[in-house]
Amino acid sequence: MTAVTGTNWTAYDAATMTAREIYGRTLAQMGKTNEKIVGVTADLSKTTAIVHFEKAFPDRFFNVGIAEQNMMGIAAGLAKAGLIPFASTMAVFASMRAGEQVRTDIAYQNLPVKIIATHAGISFGHAGTTHHCTEDIAIMKSMANMTVICPADGIETSKAVRACIDVPGPVYIRIGRGFEPPVYESEGYNYKIGKAITMHEGTDFTIIACGIAVLQSIQAAKTLKEQDGLSVRVVNMHTIKPIDEEAILDAVKDTRRILTVEEHNIIGGLGDSVASVIAGSGKGCIFKKHGLYDEYATIGYAEDLYSHYGLDANGIIGQVRSMMGMEFEADENWEDE
Amino acid sequence: MPITQEERQMLEKTACELRLKIVDVMEWSGGSHIGGSLSCADILTILYFKYLNVDPKNPCWEDRDRFILSKGHAAAGFIPVLAKKGYFAEDELRTFNHFGSPFAMHPDSNKVVGCDVSSGSLGHGLSIAAGLGLGARYLKKPYKTVCLLGDGECCEGSVWEAAMSISHFKLTNVITVVDRNRLMIDGKTEDVMSLEPFSEKWKAFGFDVVEINGHDYLQLTEAFDRAWSATERPVMILANTIKGKGVDFMENNVVYHYASADSEVCKKAKESILRTMGGM
Ligand SMILES: Cc1ncc(C[n+]2csc(CCOP(=O)(O)OP(=O)(O)O)c2C)c(N)n1
């Protein structure tokens, strides 16, 4: 059992803690060695778990009340003053309510504001559409200077939160609400922003996933191996911008069938980023984007919604099987065949 | 219209039943914004059972009064009122929050019959109310639009943009109500982000501010009568309330902003409501 580096909780805790809990504790830990870190929230200190930082460093934490635009503007000002602000609210408010402040005050001025947004995707399903957020990847990645990260679980959230300090500009880290099971057993792996991680080796097919879809894709790959004898690669594309082109091109070359899976609208998300790399490669590839099909999700608890929208292992298996049945057009210039 | 003794008793009884239903919904849904639902229960009751000119049999009737729950997280208080009013069966509330239900933590006008505007992202409702007010005036429609906000919600700058417009356009057909329970999520409003002098701020924005006890039906009646007959300045009703009102262990307790509860806790909550309000 491995402890999460430099902290006082164990991997067991990481398995039972939500990603936001781990985020809050990680940040509180980082505050001890980096006095430039400051925190801001908009009446969601407890909810986003930045409260751990607030408790440890009350003099460099600012709760602005329910005022997300003001919060992002204040974060920009703190950054202008030479500090490294971590701003936390729910994804829907970070990306849309305060969208222009993020774009003009933070991204355009290339300020080191780290936006840690919780309750992303449909993780807060029973709260209804006002609190769902299946647009934030699209919005954030279209802002120049912005780095966009979607960690697979709590341990990876901790890794991303630590790593984002070294990115000179703004970073958007999107996490869920949840109690999703962990993907990683320990922190003992190499994490680098912008570098995808192969979670399961495979040569017939590649699933490129982010966030909660990573674990489900791994499970799908295992089942497909057992039941269909298929060798499915699973790539954890935790950084959506800048995207790891090499990992995508390898998948095109090695497997020629790629499915992307994300808890986001298929328009503008991970899938589109992968698609443009494939299109630019000039190589033929059977490709599909899986996620929310340009619709608002219905009401329900997250687990029910994940299975309804096919974002669980079963849904992913179905997608892979249907893509295995598709034929290529003959391509004489395909040098690897 | 002044309130009679009989009418007052009827409303208090309805509000008591509503509070019991709010507790049921907390249990059925797996958790709800119970504190802020209980604090506005009397406001919702008097609106739906005395003031709003609406017809549950004809929910889209063009001339109906409109109601916007800008503090959308109080859906657990609002949706049971709609059921009580007859828009749908009370039994349907059992589906609250569950897969495919029309009812979630925040009200959705695409799904909930009788709900005029979807809400849940704080600070949107009053602008929509201003738009309805302008539209009604242009179309020569007689209806009023009532918008209920949370006090914490008034931290949002957009609330004040809307307030400025309502005052500028002299929208006396829009009635603003703030549920002043003095708590938000992270603590007391005055500790997190002070709102005071709150009444003076609304006055400075051009409103006729009527400050009342939001659980007192005589005062609620006076305030809504004044609002309904306003012709000069738009009325803002500053309703001082108690978060968690009616359940002794929830009153003024920030922990009950959002909570889930097992049947044992719900039973205790209902007993408390019946003890304090069931006597009438
Ligand atoms: C724009 C926005 N930011 C944050 C939230 C999360 N949130 C839900 S309720 C709440 C506190 C509301 O406080 P208040 O308006 O005083 O309501 P009440 O105390 O009456 O429940 C917050 C911050 C939200 N729903 N919308």
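**View 1. One salt bridge is found across the interface of chain B and chain A.** In this predicted model, the salt bridge joins the side chains of A:R97 and B:E156, with an N to O distance of 3.3 Å. The side of chain B that touches chain A comprises 12 nonpolar, 14 polar and five charged residues. Between chain B and chain A, 18 residue pairs are in polar contact, both partners having pLDDT 80 or more.

**View 2. The contact between the chains draws on 31 residues of chain B and 29 residues of chain A.** On the chain B side, the residues that lose the most area to chain A are B:F99, B:E156 and B:D186, which together account for 27% of what that side buries. The size of an interface is often expressed as the accessible area lost when the parts come together. Between chain B and chain A the buried area is about 2,300 Å², and carbon and sulfur atoms give 53% of this area.

**View 3. Helix α7 of chain A, residues 99-107, carries a set of buried residues.** These are A:G99, A:Q101, A:V102, A:I106 and A:A107. They lie on the same side of α7(A), because they cover an arc of only 160 degrees around the axis. Which elements of chain A do the buried residues of α7(A) pack against? Their packing partners are the helices α5 (68-80), α6 (91-97) and α8 (136-141), together with the strand β4 (114-118).

Note on methods. Residues are numbered from 1 along each chain as its sequence is written. Chains are lettered from A and ligands numbered from 1 in the order in which they are written. This is a predicted model: local features need pLDDT of at least 70, side-chain atom pairs count only at pLDDT 80 or more; totals for chains, interfaces and linings use all residues. Side-chain values use heavy atoms; hydrogens and water are left out. Contact means heavy atoms within 4.5 Å. Buried area is the accessible area (1.4 Å probe) that two parts lose on being put together, summed over both. A salt bridge is a side-chain nitrogen of Lys or Arg within 4 Å of a carboxyl oxygen of Asp or Glu. A polar contact is a pair of N or O atoms within 3.5 Å; within protein, one must be able to donate a hydrogen and the other to accept it, and residues adjacent in sequence count only if both atoms are side-chain atoms. Ala, Val, Leu, Ile, Met, Phe, Trp, Tyr, Cys and Pro count as nonpolar, Asp, Glu, Lys and Arg as charged, and the others, Gly among them, as polar. Buried means under 20% relative accessible area, exposed over 50%, partly exposed in between (1.4 Å probe, protein chains only). Helices (H or I, at least four residues) and strands (E, at least two) are DSSP runs, numbered from the N terminus. The arc is that of the directions from the helix axis to the C-beta atoms.
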